[in-house]
Amino acid sequence: MMCYPPYNPARLLQNGVAMTVYTAFWGKRYWESTSSEPEPPYHKTIFIGGQGVPIFSWVAIPENAHSTIIATYGITGELDQEWSLRLLGRKAYAQGYAVVLFDWRAHGKTAELSPTLTSDGLYEGEDFVRLAAAAAAMGCPSKFWFMGFSLGGQLALWGLKAAAELTQDNENLGIKYSDIGGGAVICPSLDSLRSLTYLTKDRFGRIIEASIVRELKKLAWRIHDTHPGTIDPKAIERTNTIWDFDQELVIERLGFSSVEAYYKASSALQLLPELTKPTLIVYAADDPLFHPDIVPELEAACNENSAIDLLLTRYGGHVGYLSSKDCQYQAQDPDPWWAWNRILQWLEYQRTDLV
């Protein structure tokens with residue numbers, strides 16, 4: 001495994017809650033001023049994912065592109081507003097990567113195209129692979145790298161599992177397993193059942209959950225309004241927690257008898273021993289959204305699988321990783337986005353040193 005410059009935030013951000021909240025608000029306001037790269041010339045298009053679900057995507061292919069990044073965001077959002085994902089797009093495009101960013105199921109423009117709800121990776125994994133095949137047909141070069149953060153990181157890990165399964169003896173897919181490079185994720189959700197219980201144990205977590213639920217209900221109402229008759233409005237009204245959302249709207253369509261069974265089936269920790277493509281997991285020990293007991297299990301799983309590089313840091317919060325000036329200087333980074341810079345550094349190592 002390559003050596004990485006250490007991560008250090010400003011002293012006031014050496015706390016997972018402070019880092020998470022500050023980065024979310026500061027980044028949303030100032031992210032463009034930190035970026036020296038322009039927005040890529042995205043072509044907005046619709047690809048077909050698993051089970052024929054249309055997936056709204058942004059695609060940009062630089063001249064002489066050498067490989068392709070396919071990425072999405074976390075539990076709620078849409079492409080126009082996902083500043084962290086757009087930062088990745090700018091950085092990657094400037095370094096010669098073709099970029100495919102997409103609204104995943106029940107999010108953004110994809111929700112307007114289809115009433116299909118989320119499955120936390122069970123079907124979104126196939127979406128990653130189908131998008132790679134469609135992007136290849138459009139001219140995006142292999143290898144394809146799957147990326148995401150938070151719940152989007154979980155989806156990307158499912159994408160790596162789906163890639164191994166879907167490319168076996170499937171000549172009509174359009175890509176081979178050798179076309180898949182691997183994946184890189186920031187603070188992925190790994191055990192939804194434990195983490196959701198942990199999140200709601202204190203006031204901060206309940207505030208975060210309430211904010212997420214408001215956005216989830218907006219997504220549900222958007223699908224209800226765009227696709228009349230597909231969602232019971234009373235079910236949306238009964239939703240007051242993340243658990244409620246999955247109980248009322250998701251699990252029956254997926255064939256699960258309980259939310260607990262759904263979370264156990266979709267959680268990504270169980271996938272780690274199965275991954276065979278190079279994978280980088282950036283994870284903060286002080287992430288306030290995930291149960292701390294997951295950390296030693298994550299370390300053990302990564303130690304037992306040589307395909308996975310784990311970059312575990314003491315600080316960073318949940319998808320925060322805003323670096324101090326000293327940290328930027330030491331890492332020779334052009335901006336404070338430490339995690340994305342490490343991912344692109346790791347990718348370059350995979351592309352060149354391991355060929």
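Student: Which residue of E4 is the bridge partner of Ala 60?
Tutor: Val 99. This is a predicted model: local features need pLDDT of at least 70, side-chain atom pairs count only at pLDDT 80 or more, and totals for chains, interfaces and linings use all residues. Residues are numbered from 1 along each chain as its sequence is written, and side-chain values use heavy atoms, with hydrogens and water left out.

Student: What makes E2 and E4 a pair?
Tutor: Pairing needs at least two bridges found by DSSP between two strands. Strand E2 (residues 54-60) and strand E4 (residues 97-102) have four, so they pair. They run antiparallel. Trp 58 and Leu 101 are also bridge partners here. The names E and H are DSSP runs, numbered from the N terminus: helices are H or I, at least four residues, and strands are E, at least two.

Student: What joins E3 to E4, and which way do they run?
Tutor: Five bridges join strand E3 (residues 67-72) to E4, and the two run parallel. Ala 71 stands opposite Leu 101 in E4.

Student: Which hand does the crossover from E3 to E4 have?
Tutor: The chain leaves E3, passes through helix H2 (residues 83-94) and reaches E4. This β-α-β crossover is right-handed. The term means that, with the strands pointing away from the viewer, the path from the first strand over the helix to the second runs clockwise.

Student: What makes E4 largely enclosed?
Tutor: Six of its six residues are buried, so E4 is largely enclosed by the rest of the structure. Buried means under 20% relative accessible area, exposed over 50%, and partly exposed in between (1.4 Å probe, protein chains only). Tyr 97, Val 99 and Leu 101 are buried on one side of E4, and Ala 98, Val 100 and Phe 102 on the other. Both faces are covered.

Student: How do you know the class of Arg 351?
Tutor: Its relative accessible area is 24%, so Arg 351 is partly exposed. Arg 351 sits in helix H13 (residues 338-352). Leaving out residues up to four places away in sequence, Arg 351 touches His 66, Ser 67 and Tyr 97.

Student: What is the strand order of the open sheet?
Tutor: Eight strands run E1-E2-E4-E3-E5-E6-E7-E8, with mixed pairing.

Student: What makes E1 and E8 edge strands?
Tutor: Strand E1 (43-48) and strand E8 (308-313) each have a single partner strand, so one side of each lacks a neighbour in the sheet. Neighbouring strands of the sheet are turned by 20° against each other on average, direction ignored. Helix H11 (residues 294-303) packs on the sheet, touching strand E7 (279-284) and E8, and its direction makes about 150° with that of E8. Such angles run from 0 to 180 degrees between N-to-C directions, with axes fitted to C-alpha atoms, for helices over the stretch in contact.

Student: What class does Pro 296 of H11 fall into?
Tutor: Pro 296 has a relative accessible area of 48%, so it is partly exposed.

Student: What makes E1 and E2 a pair?
Tutor: Six bridges join them, and they run antiparallel. Phe 47 has Ile 55 of E2 as its bridge partner. Five residues lie between the strands of this hairpin, where Gln 51 takes a positive phi near 55°.

Student: How many residues are in the largest nonpolar core?
Tutor: It has 117 residues, and Ile 69, Phe 146, Ile 186 and Leu 272 have the most contacts inside it. Helix H5 (residues 151-166) gives the largest share, nine residues. A nonpolar core is a set of buried Ala, Val, Leu, Ile, Met, Phe, Trp, Tyr and Cys residues joined through side-chain atoms within 4.5 Å.

Student: How is the kink in H9 defined, and where is it centred?
Tutor: Helix H9 (residues 242-254) has a kink of about 40° centred on Glu 248. The bend at a residue is the angle between axes fitted to the seven residues ending there and the seven starting there. Buried residues of H9 include Phe 245 and Leu 249.

Methods: Contact = heavy atoms within 4.5 Å.
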